[in-house]
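Here are some notes for a colleague who is looking at this structure for the first time. Please read them with the model open.

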Amino acid sequence: MKRKTVAIILIAAILSCMFGGCGSKSDSAQTQDKGDSSQTAAAPKELVYAQSMAITSLDPAGMQPQGYPSGYEAAFAVHNGLIRFTEDLQFEPDLAESWTTSEDGLTWDFKLREGVKFHDGTPFNADAVVKQYTRMINPDINLGAYSLWEPIEKIEKVSDYEVKIVTKTPYSAFLNVMAHGSALIPSPTAVEADSDNYGLAPVGTGPYKLEKIEPGTELTLVRNDDYYEGTPLYERVVFRYVSDPSARISALKSGDVQVADAIPVEYADDLEADSNIKLISKPGLQVFGVGLNQKNEILQDKTVRQALNYGIDKEAIAKTLFMGYVTPLAGPLAQNTVGSAELTPYTADIEKAKTMLDEAGWKLNGDVREKDGKKMEFTLIVPDGMYPKDVVLTEVIQSQLKEIGVQVTINKVEKSTYWDQLKVPADKTGYDMALWGYNPSHGSGQIHMENLFTSNADESEKPSLWNFIWYNNPEVDSLLTSAKEQVVEEEFSATMKQAEEIVWEECPYIWLYSNNIISATTADVDSVMVLPVVFTLVHRVK
């Protein structure tokens, strides 16, 4: 069946849901763990993970995407950080046994684990931490995540197994940064030997070490028998790039691979019913929406932006297009993001949307609304193949907005050049709307909001972070700056809620949904961990 036909069928189904209702997927079907591991066959000596993105580098300081999230997933297997995320995004010790913070929130003291060595025999100690983290607060070295590290002032050695990290101001997301992939610690010996090519010859303290790498194709890691947490489960872990989802699933069903990520929702129920497969579906933090370019005069009217939100049936999209594997937004952040506040959703209301546009002076003239000689026509760009069902999703949005007299032209963009089209000065934007999915791999709602909604300083320059819609609100800027420096949880949450309420009410986006992260394993694998921050981890020792 051709995609255009599929799109028409999906659009019809969603429009039907808007007026007639449709069923939803039960929560119990979202996560499944079949079988008793005690009754399964012995685990194979080699685990093969079929990834949807190719690995190009394992350098924690490298420019993203390194094959994102695949590069980080492998980097976590080779390296450790001071702390790490648990499955529910709490913080637990890793190379640090414990940590404390000063009363003013400026100084963090970490007691380090003793007796750990890097794969090349270099001892892990305070010197290794100071060397690496001092590199990470240098913007010329930390090419991929400097904005996360910029609030840190210095890293100091207290003793061989104690370090002190001092921030310029209190930093509410500090632990999130320490659990982030950019905080992994490489061997200082390996970095000094060839820092430019470290990403292709990584040396860490992790459960697995490099055997061979074919950038863009396959990475093979071998077991580190000296790993501090005990002997890893598999002798080898292979990360293999398999771009086609049906090929990943076929390989999983045949047993050629034991883990596959980025399972399309249309395959999920079939895999869930297969007794030889375990489906892992977890609500993620990635938030999807259609950014509304504030340089477009029509979209500068908040009433118009709100009407566009009432004109989109997110519930129907979630149930019909994504089969219940996404969650319609009830705020700018996914609900399990640190600092998120649950607000009132923009429930689809076609008549309300029409009335709002009428009252704003946009009267229907044939199929399109007009005002002062201008038509309500927009160009929406979409990165073809970057996000699940991205093009079909925009076609559904196009169809739904047509119902309220808004005309949308879709421009498909090659996904490899999408960033270049978004990150341009304000007068160079060639779009009115842009599909966007932001994933906070650090888990911090404050950093998420800051990246998307902090006002850009200079419209003649590219947006410094991800505010490519040129949203500008000094009050939101002030609130997000305050939240960044609030380490008392109650104060932080209250400030974040204020900022989220303003942004939510002003609708700089057509708010859509947060995704589920869907991976699958063969039935004999029970060591895989899927984190809401997007990573499928295959290296944890159990």
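Predicted model: local features only at pLDDT ≥ 70, side-chain atom pairs only at ≥ 80, totals over all residues.

1. Helix α7 spans residues 245–254, and its buried residues are Arg248, Ile249, Ala251 and Leu252. These residues lie on the same side of α7, because the arc they cover around the axis is only 160 degrees. Among the elements that cover them are β1 (46–51), β11 (259–260), α8 (265–272), β12 (277–292) and β20 (509–522). Gly255 follows α7 and has a positive phi, near 85 degrees.

2. Three strands make an open sheet in the order β14-β15-β16, and their pairing is antiparallel. At the edges are β14 (363–365) and β16 (374–375), each of which pairs on one side only. Three bridges join β14 to β15 (residues 368–371). Asn365 has Val368 of β15 opposite.

3. The aromatic pairs number 29. One of them is edge-to-face: the ring centres of Tyr72 and Phe535 are 5.9 Å apart, with the planes at 85 degrees. Tyr72 belongs to helix α2 (residues 70–78), whereas Phe535 is in the loop between β21 (529–530) and β22 (536–537), so the pair links parts of the chain 463 residues apart. Tyr72 and Phe535 are both buried.

4. An aromatic cluster is formed by Tyr310, Tyr346, Phe453, Tyr471, Trp504, Tyr509 and Trp511.

5. Which ring lies under the charged end of Lys423? That ring belongs to Trp466, and its centre is 4.1 Å from the charged end.

Definitions and conventions: Residues numbered from 1 in each chain as written. Heavy atoms only, no water. Buried < 20%, exposed > 50% of the residue type's maximum accessible area, 1.4 Å probe, protein only. Helix = DSSP H or I, 4+ residues; strand = E, 2+ residues; numbered from the N terminus. Arc of directions from axis to C-beta. Contact = heavy atoms within 4.5 Å. Pairing = 2+ DSSP bridges. Phe/Tyr/Trp six-rings, centres within 6.5 Å; stacked < 30°, edge-to-face > 60°. Lys NZ or Arg CZ within 6 Å of the ring centre and 35° of its normal.
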